[in-house]
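Work through the exercises below with the sequence and the 3D structure at hand. Each task is followed by a solution in steps.

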Amino acid sequence: MLLIDFINVGYGDGILIREKDSKVLFSMLVDCGNTTIGSTEDKNSKRIDVSDFLNKERIEHLDLVVLTHLHRDHIGGLAKLLKHVTLSELWSVYLPEPSRLHKRAKIDKTYSKRAKGVTRTLNMLMVGLEILSGRDCILRQVNHSHRSLKMTENLSVNIDCYHPYLYAFQKNVLDNALTGLTRGDDLDFIGEYFNISGIRLKLFYHGRNIILPADVSSAFWEDEEDQPCYILKVPHHASRSFVSEKLISTLQPEYSVVTVSNDRTDDRPSLSAIRLLQRYSKHVLFTDAVSVPGINPEYHQSVRLTIP
(Lines give C-alpha, C1' and ligand atoms only; values in the text may rest on other atoms or scores of the structure.)
Protein backbone atom coordinates (compact mmCIF):
# COMPACT_ATOMS: atom_id res chain seq x y z
CA MET A 1 0.00 0.00 0.00
CA LEU A 2 1.16 3.51 -0.77
CA LEU A 3 0.26 6.16 1.79
CA ILE A 4 0.50 9.83 0.76
CA ASP A 5 0.16 12.68 3.25
CA PHE A 6 -0.11 16.23 1.95
CA ILE A 7 0.80 17.91 5.23
CA ASN A 8 -1.03 21.06 6.31
CA VAL A 9 2.02 23.30 6.70
CA GLY A 10 0.02 26.42 5.89
CA TYR A 11 1.31 28.06 2.73
CA GLY A 12 3.89 25.64 1.35
CA ASP A 13 4.55 22.03 0.45
CA GLY A 14 5.44 19.03 2.55
CA ILE A 15 4.42 15.68 1.07
CA LEU A 16 5.17 12.43 2.88
CA ILE A 17 5.05 9.22 0.84
CA ARG A 18 5.34 5.78 2.41
CA GLU A 19 5.09 2.27 1.02
CA LYS A 20 3.85 -0.07 3.72
CA ASP A 21 2.73 -3.61 4.34
CA SER A 22 3.15 -4.82 7.91
CA LYS A 23 5.98 -2.29 8.19
CA VAL A 24 7.31 0.73 6.29
CA LEU A 25 9.23 -0.45 3.21
CA PHE A 26 10.19 2.98 1.86
CA SER A 27 9.62 6.58 2.90
CA MET A 28 10.26 9.83 1.08
CA LEU A 29 9.46 13.48 1.69
CA VAL A 30 8.91 15.98 -1.10
CA ASP A 31 9.72 19.45 0.27
CA CYS A 32 9.84 20.54 3.90
CA GLY A 33 7.46 23.46 4.24
CA ASN A 34 8.48 26.87 5.54
CA THR A 35 10.44 27.90 8.62
CA THR A 36 7.10 28.42 10.38
CA ILE A 37 3.49 27.43 9.71
CA GLY A 38 2.41 31.07 9.90
CA SER A 39 0.08 32.71 12.39
CA THR A 40 -3.65 32.30 12.08
CA GLU A 41 -6.64 33.68 13.97
CA ASP A 42 -8.57 30.46 13.35
CA LYS A 43 -8.73 28.66 16.72
CA ASN A 44 -9.68 25.42 14.97
CA SER A 45 -6.56 25.41 12.80
CA LYS A 46 -4.68 22.11 12.59
CA ARG A 47 -1.61 23.39 10.82
CA ILE A 48 1.53 21.49 11.71
CA ASP A 49 5.10 21.74 10.51
CA VAL A 50 6.73 18.83 8.74
CA SER A 51 9.04 17.93 11.61
CA ASP A 52 6.21 17.76 14.13
CA PHE A 53 4.06 15.72 11.75
CA LEU A 54 6.83 13.16 11.24
CA ASN A 55 7.34 13.00 14.99
CA LYS A 56 3.61 12.34 15.45
CA GLU A 57 3.90 9.53 12.91
CA ARG A 58 6.96 8.19 14.80
CA ILE A 59 9.23 8.59 11.80
CA GLU A 60 12.91 8.85 12.67
CA HIS A 61 14.41 8.03 9.27
CA LEU A 62 13.60 8.88 5.65
CA ASP A 63 15.01 7.07 2.66
CA LEU A 64 14.79 10.17 0.47
CA VAL A 65 14.08 13.90 0.73
CA VAL A 66 13.48 15.89 -2.47
CA LEU A 67 13.84 19.69 -2.48
CA THR A 68 12.02 20.71 -5.63
CA HIS A 69 13.17 24.32 -5.79
CA LEU A 70 14.65 27.09 -3.69
CA HIS A 71 11.62 28.91 -2.34
CA ARG A 72 11.41 29.07 1.43
CA ASP A 73 7.89 27.58 1.56
CA HIS A 74 9.46 24.41 0.15
CA ILE A 75 12.85 24.21 1.88
CA GLY A 76 12.49 26.41 4.97
CA GLY A 77 11.75 23.48 7.29
CA LEU A 78 14.85 21.48 6.36
CA ALA A 79 17.10 22.44 9.27
CA LYS A 80 14.43 21.68 11.90
CA LEU A 81 13.62 18.39 10.18
CA LEU A 82 17.24 17.28 10.42
CA LYS A 83 17.20 17.73 14.19
CA HIS A 84 14.75 14.84 14.44
CA VAL A 85 15.30 12.49 11.49
CA THR A 86 18.16 10.91 9.55
CA LEU A 87 18.25 10.63 5.77
CA SER A 88 19.70 8.10 3.37
CA GLU A 89 19.62 10.46 0.39
CA LEU A 90 18.74 14.05 -0.51
CA TRP A 91 17.94 15.38 -3.98
CA SER A 92 18.18 19.11 -4.57
CA VAL A 93 17.91 21.25 -7.66
CA TYR A 94 21.09 22.99 -6.46
CA LEU A 95 24.12 21.77 -4.54
CA PRO A 96 27.39 23.64 -3.99
CA GLU A 97 30.81 22.08 -4.21
CA PRO A 98 31.54 19.93 -1.11
CA SER A 99 34.28 22.33 -0.03
CA ARG A 100 31.70 25.14 0.26
CA LEU A 101 29.12 23.43 2.45
CA HIS A 102 30.19 25.54 5.43
CA LYS A 103 29.85 28.86 3.61
CA ARG A 104 27.03 31.41 3.76
CA ALA A 105 26.11 34.11 1.26
CA LYS A 106 26.28 37.74 2.32
CA ILE A 107 23.31 40.05 1.80
CA ASP A 108 24.32 43.37 0.31
CA LYS A 109 22.17 46.31 1.39
CA THR A 110 21.88 47.37 -2.27
CA TYR A 111 20.13 44.13 -3.24
CA SER A 112 16.49 44.19 -4.31
CA LYS A 113 13.88 42.55 -2.08
CA ARG A 114 13.87 39.47 -4.31
CA ALA A 115 17.67 39.21 -4.36
CA LYS A 116 17.76 39.41 -0.57
CA GLY A 117 15.10 36.70 -0.41
CA VAL A 118 17.10 34.43 -2.71
CA THR A 119 20.18 34.89 -0.53
CA ARG A 120 18.29 34.11 2.67
CA THR A 121 16.79 30.98 1.14
CA LEU A 122 20.20 29.86 -0.11
CA ASN A 123 21.52 30.20 3.42
CA MET A 124 18.62 28.12 4.77
CA LEU A 125 19.63 25.38 2.37
CA MET A 126 23.28 25.69 3.37
CA VAL A 127 22.46 25.19 7.06
CA GLY A 128 20.77 21.89 6.22
CA LEU A 129 23.51 20.77 3.85
CA GLU A 130 26.20 21.47 6.43
CA ILE A 131 24.34 19.29 8.93
CA LEU A 132 24.11 16.49 6.37
CA SER A 133 27.79 16.78 5.43
CA GLY A 134 28.63 15.24 8.81
CA ARG A 135 26.27 12.31 8.31
CA ASP A 136 26.13 9.23 6.12
CA CYS A 137 23.78 10.75 3.54
CA ILE A 138 24.07 10.86 -0.25
CA LEU A 139 23.67 14.39 -1.65
CA ARG A 140 22.54 14.41 -5.26
CA GLN A 141 22.05 17.44 -7.50
CA VAL A 142 19.07 16.86 -9.78
CA ASN A 143 18.80 19.17 -12.76
CA HIS A 144 18.25 16.74 -15.64
CA SER A 145 15.24 14.63 -16.55
CA HIS A 146 15.26 10.92 -15.73
CA ARG A 147 12.82 8.12 -16.49
CA SER A 148 11.64 5.08 -14.54
CA LEU A 149 13.90 5.38 -11.52
CA LYS A 150 13.17 2.37 -9.33
CA MET A 151 12.49 3.29 -5.71
CA THR A 152 11.11 -0.12 -4.70
CA GLU A 153 9.80 -3.17 -6.48
CA ASN A 154 6.43 -1.46 -6.98
CA LEU A 155 7.25 2.25 -6.88
CA SER A 156 9.07 4.15 -9.63
CA VAL A 157 9.48 7.83 -10.45
CA ASN A 158 10.07 10.08 -13.44
CA ILE A 159 11.92 13.36 -12.98
CA ASP A 160 11.32 16.28 -15.31
CA CYS A 161 13.54 19.35 -15.42
CA TYR A 162 13.05 22.20 -17.87
CA HIS A 163 15.28 24.85 -19.48
CA PRO A 164 18.82 23.41 -18.98
CA TYR A 165 20.39 26.85 -19.44
CA LEU A 166 18.42 28.14 -16.44
CA TYR A 167 19.76 25.39 -14.18
CA ALA A 168 23.32 26.07 -15.31
CA PHE A 169 22.95 29.83 -14.82
CA GLN A 170 21.25 29.33 -11.45
CA LYS A 171 24.11 27.13 -10.24
CA ASN A 172 26.71 29.63 -11.40
CA VAL A 173 24.97 32.55 -9.65
CA LEU A 174 24.46 30.64 -6.39
CA ASP A 175 28.03 29.32 -6.42
CA ASN A 176 29.26 32.89 -6.85
CA ALA A 177 26.97 34.11 -4.05
CA LEU A 178 28.77 31.80 -1.64
CA THR A 179 32.12 33.30 -2.59
CA GLY A 180 30.96 36.94 -2.69
CA LEU A 181 31.34 37.28 -6.46
CA THR A 182 27.73 37.48 -7.61
CA ARG A 183 25.69 40.53 -8.67
CA GLY A 184 22.37 41.50 -7.19
CA ASP A 185 20.81 41.64 -10.66
CA ASP A 186 21.72 37.99 -11.26
CA LEU A 187 20.20 36.93 -7.96
CA ASP A 188 17.08 38.88 -8.84
CA PHE A 189 16.89 37.15 -12.24
CA ILE A 190 17.15 33.58 -10.96
CA GLY A 191 14.70 34.36 -8.15
CA GLU A 192 12.10 35.35 -10.72
CA TYR A 193 12.43 31.92 -12.37
CA PHE A 194 12.80 29.59 -9.35
CA ASN A 195 9.39 28.04 -10.03
CA ILE A 196 10.15 26.91 -13.57
CA SER A 197 13.66 25.79 -12.67
CA GLY A 198 12.21 23.29 -10.21
CA ILE A 199 11.79 19.52 -10.25
CA ARG A 200 8.55 17.88 -11.39
CA LEU A 201 7.97 14.33 -10.17
CA LYS A 202 5.66 11.65 -11.52
CA LEU A 203 5.29 8.54 -9.41
CA PHE A 204 3.93 5.18 -10.54
CA TYR A 205 2.49 2.58 -8.19
CA HIS A 206 0.32 -0.45 -8.98
CA GLY A 207 -0.90 1.01 -12.27
CA ARG A 208 -1.73 4.43 -10.89
CA ASN A 209 0.21 7.67 -11.18
CA ILE A 210 0.79 10.65 -8.93
CA ILE A 211 1.94 13.96 -10.39
CA LEU A 212 3.84 16.32 -8.08
CA PRO A 213 4.79 19.36 -10.19
CA ALA A 214 5.94 21.59 -7.32
CA ASP A 215 5.32 25.14 -8.63
CA VAL A 216 6.07 24.47 -12.30
CA SER A 217 3.38 26.14 -14.39
CA SER A 218 1.21 23.83 -16.50
CA ALA A 219 2.31 25.76 -19.60
CA PHE A 220 5.69 24.00 -19.45
CA TRP A 221 4.43 20.42 -19.28
CA GLU A 222 0.81 20.22 -20.40
CA ASP A 223 1.83 18.92 -23.84
CA GLU A 224 3.68 15.99 -22.24
CA GLU A 225 0.60 14.49 -20.62
CA ASP A 226 -1.90 12.48 -22.64
CA GLN A 227 -3.38 10.15 -20.01
CA PRO A 228 -5.56 10.67 -16.92
CA CYS A 229 -3.84 10.67 -13.53
CA TYR A 230 -4.96 9.40 -10.16
CA ILE A 231 -3.56 12.15 -7.92
CA LEU A 232 -2.48 15.65 -8.91
CA LYS A 233 -0.77 18.09 -6.58
CA VAL A 234 -2.09 21.30 -8.14
CA PRO A 235 0.77 23.60 -9.27
CA HIS A 236 1.61 26.71 -7.29
CA HIS A 237 -1.21 26.55 -4.75
CA ALA A 238 -3.88 26.75 -7.50
CA SER A 239 -2.74 30.11 -8.80
CA ARG A 240 -4.89 30.72 -11.89
CA SER A 241 -2.06 31.37 -14.34
CA PHE A 242 -0.41 28.07 -13.37
CA VAL A 243 -3.43 25.82 -14.06
CA SER A 244 -4.72 25.41 -17.61
CA GLU A 245 -7.92 23.82 -18.86
CA LYS A 246 -5.89 21.92 -21.45
CA LEU A 247 -3.93 20.18 -18.70
CA ILE A 248 -6.78 19.50 -16.30
CA SER A 249 -9.14 18.25 -19.01
CA THR A 250 -6.46 15.78 -20.11
CA LEU A 251 -5.48 14.59 -16.65
CA GLN A 252 -9.02 14.46 -15.20
CA PRO A 253 -7.55 13.62 -11.79
CA GLU A 254 -9.40 11.37 -9.40
CA TYR A 255 -7.96 13.57 -6.65
CA SER A 256 -6.69 17.14 -7.01
CA VAL A 257 -4.89 18.38 -3.90
CA VAL A 258 -4.25 22.08 -3.30
CA THR A 259 -1.48 22.87 -0.80
CA VAL A 260 -2.48 26.26 0.55
CA SER A 261 -3.18 28.29 3.68
CA ASN A 262 -6.62 29.62 4.52
CA ASP A 263 -5.50 33.23 5.02
CA ARG A 264 -3.84 34.17 1.74
CA THR A 265 -5.13 37.32 0.05
CA ASP A 266 -3.32 36.95 -3.29
CA ASP A 267 -5.82 34.72 -5.13
CA ARG A 268 -4.11 31.48 -4.08
CA PRO A 269 -6.18 29.47 -4.40
CA SER A 270 -7.92 31.14 -7.31
CA LEU A 271 -11.67 30.63 -7.41
CA SER A 272 -11.59 30.22 -11.20
CA ALA A 273 -8.84 27.57 -10.87
CA ILE A 274 -10.92 25.72 -8.28
CA ARG A 275 -13.99 25.79 -10.51
CA LEU A 276 -11.85 24.39 -13.34
CA LEU A 277 -10.61 21.59 -11.08
CA GLN A 278 -14.15 20.81 -9.96
CA ARG A 279 -15.24 20.47 -13.58
CA TYR A 280 -12.73 17.74 -14.38
CA SER A 281 -11.67 16.21 -11.06
CA LYS A 282 -13.80 13.90 -8.90
CA HIS A 283 -12.36 15.20 -5.64
CA VAL A 284 -10.80 18.62 -4.95
CA LEU A 285 -9.08 18.70 -1.56
CA PHE A 286 -7.26 21.40 0.39
CA THR A 287 -4.55 21.00 2.99
CA ASP A 288 -5.85 23.93 5.06
CA ALA A 289 -9.46 24.84 5.91
CA VAL A 290 -10.01 27.13 2.94
CA SER A 291 -13.28 29.04 2.72
CA VAL A 292 -14.46 28.80 -0.87
CA PRO A 293 -18.07 29.30 -2.03
CA GLY A 294 -19.68 25.88 -2.32
CA ILE A 295 -16.95 24.06 -0.36
CA ASN A 296 -17.09 23.39 3.37
CA PRO A 297 -13.79 24.07 5.18
CA GLU A 298 -12.17 20.88 6.51
CA TYR A 299 -9.73 20.91 9.41
CA HIS A 300 -6.99 18.30 9.30
CA GLN A 301 -3.25 17.94 9.77
CA SER A 302 -2.92 16.33 6.36
CA VAL A 303 -4.84 15.23 3.32
CA ARG A 304 -4.19 11.49 3.43
CA LEU A 305 -4.70 9.35 0.33
CA THR A 306 -3.91 5.67 -0.21
CA ILE A 307 -3.26 3.40 -3.17
CA PRO A 308 -3.74 -0.31 -2.42
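Two residues are in contact when heavy atoms of theirs lie within 4.5 Å. Helices (H or I, at least four residues) and strands (E, at least two) are DSSP runs, numbered from the N terminus. The model is predicted, so local features need pLDDT of at least 70 and side-chain atom pairs count only at pLDDT 80 or more, while totals for chains, interfaces and linings use all residues. Residues are numbered from 1 along each chain as its sequence is written, and side-chain values use heavy atoms, with hydrogens and water left out.

**Exercise 1. Describe how H4 and H5 pack, starting from the residues that meet.**

Step 1. On the H4 side, Val118, Leu122 and Met126 make the contact; on the H5 side, Leu174, Ala177 and Leu178 do.

Step 2. Sort these residues by class. Ala, Val, Leu, Ile, Met, Phe, Trp, Tyr, Cys and Pro count as nonpolar, Asp, Glu, Lys and Arg as charged, and the others, Gly among them, as polar. The contact of H4 with H5 has six nonpolar residues, no polar and no charged ones.

Step 3. Take the geometry. Axes are lines fitted to C-alpha atoms, for helices over the stretch in contact, and angles run from 0 to 180 degrees between N-to-C directions. The axes of H4 and H5 come within 11 Å and cross at roughly 80°.

Step 4. Name the arrangement. Angles under 35 degrees count as roughly parallel, over 145 as roughly antiparallel, 65 to 115 as roughly perpendicular and the rest as oblique. H4 and H5 are therefore roughly perpendicular.

**Exercise 2. Describe the packing of H6 against H4 and against H5.**

Step 1. H4 and H6 (residues 184–192) have axes 8 Å apart, at an angle of about 80°. That makes the two helices roughly perpendicular.

Step 2. H4 contributes Arg114, Ala115, Val118 and Thr119, and H6 contributes Gly184, Leu187, Asp188, Ile190, Gly191 and Glu192. By class, these are four nonpolar, three polar and three charged residues.

Step 3. H5 (residues 164–179) and H6 have axes 10 Å apart, at an angle of about 135°. This pair is therefore oblique.

Step 4. In the contact of H5 with H6, H5 supplies Leu166, Phe169, Gln170, Val173, Leu174 and Ala177, while Asp186, Leu187, Phe189 and Ile190 come from H6. Eight of the residues are nonpolar, one is polar and one is charged.

**Exercise 3. Compare Ser217 and Asp226 in the loop between S12 and S13.**

Step 1. Ser217 counts as buried, at 7% relative accessibility, whereas Asp226 counts as exposed, at 59%.

Step 2. Leaving aside neighbours within four places in sequence, Ser217 is in contact with Ser241 and Phe242.

**Exercise 4. Locate the backbone features at His237, Gln252 and Pro269.**

Step 1. His237 is not a glycine, yet has a positive phi of about 60°. His237 sits in the loop between S13 and helix H7 (245–251) and is buried, with a relative accessible area of 0%.

Step 2. Gln252 also has a positive phi, near 40°. Gln252 is in the loop between H7 and S14 and is partly exposed, at 45%.

Step 3. Arg268 and Pro269 are joined by a cis peptide bond, with omega about 15°. Pro269 is found in the loop between strand S14 (255–258) and helix H8 (271–280).

Terms used
Buried means under 20% relative accessible area, exposed over 50%, partly exposed in between (1.4 Å probe, protein chains only).
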